[in-house]
Amino acid sequence: MDHTTALILVDIQNDYFPGGKMPLEDIDAASVNASRLLSRFREKRRPVFHIRHLAAHPGATFFLPDTPGSDIHPSIAPMAGEAVIVKHFPNSFRETSLLDQLKGADVASVAVCGAMSHMCIDASVRAACDLGFQCLVAHDACATRMLAFGQEAVPAVKVQAAFMAALSGAYAQVLSTEELIRNAT
């Protein structure tokens with residue numbers, strides 16, 4: 001990893017953990033890996049961006065402003081000097097300062113992890129690629145949940161596999177946390 005690679009931690013917030021309003025499968029394991037990436041980026045003094053979603057639309061049931069569920073999870077708590085960017089849409093770039101901050105830090109590539117794989121990770125990685133960034137995704141530092149399409153229940157493991165497969169290649173290099181640490185840092 002050169003000096004222009006930044007880590008973007010997307011929506012690793014309390015509501016996604018057990019006891020929260022929208023718990024995800026394997027979020028605990030994903031947060032452990034996200035924490036490993038965060039430690040590595042801090043050790044290498046690389047830019048880190050924490051993305052925090054706050055619900056802004058009527059009827060929202062999680063990530064409500066001024067609730068503990070919307071707080072960034074302690075496993076990846078921001079340190080002084082690390083950017084925390086609040087968003088209201090799945091795409092971390094939409095109506096936020098993320099693009100300007102990445103440009104200001106002379107970032108050319110981004111390593112992305114967090115939640116949910118099928119929503120905010122997908123939207124943010126595709127946007128980053130479209131904006132010209134080289135993208136790396138740590139698949140085991142991302143989490144999702146079961147979905148349904150019509151009458152078919154889609155298990156979280158299948159949702160995860162489908163979205164990582166869709167991102168891999170054209171939009172991002174999809175790696176394990178260990179591969180990202182070993183090969184890209």
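Student: Helices (H or I, at least four residues) and strands (E, at least two) are DSSP runs, numbered from the N terminus, so which loop is Arg145 in?

Tutor: Arg145 lies in the loop joining β5 (134-143) to β6 (147-149). Keep in mind that this is a predicted model, where local features need pLDDT of at least 70 and side-chain atom pairs count only at pLDDT 80 or more, while totals for chains, interfaces and linings use all residues. Residues are numbered from 1 along each chain as its sequence is written, and side-chain values use heavy atoms, with hydrogens and water left out.

Student: What does Arg145 touch, leaving aside neighbours within four places in sequence?

Tutor: Met22, Leu24, Met116, His118, Ala156 and Val159 are in contact with Arg145, meaning heavy atoms within 4.5 Å.

Student: And how many Å separate the C-alpha atoms of Arg145 and Tyr16?

Tutor: 9.8 Å, with the two residues 129 apart along the chain.

Student: Switching to helices: at what angle do the axes of α3 and α4 cross?

Tutor: Roughly 5°, and the axes of α3 (117-130) and α4 (156-167) come within 10 Å. Axes are lines fitted to C-alpha atoms over the stretch in contact, with angles from 0 to 180 degrees between N-to-C directions. So α3 and α4 are roughly parallel, that is, under 35 degrees.

Student: Which residues meet there?

Tutor: From α3, Ser117, His118, Ile121, Asp122, Val125 and Arg126. They meet Val159, Gln160, Phe163, Met164, Ala166 and Leu167 of α4.

Definitions and conventions
Parallel < 35°, antiparallel > 145°, perpendicular 65-115°, else oblique.
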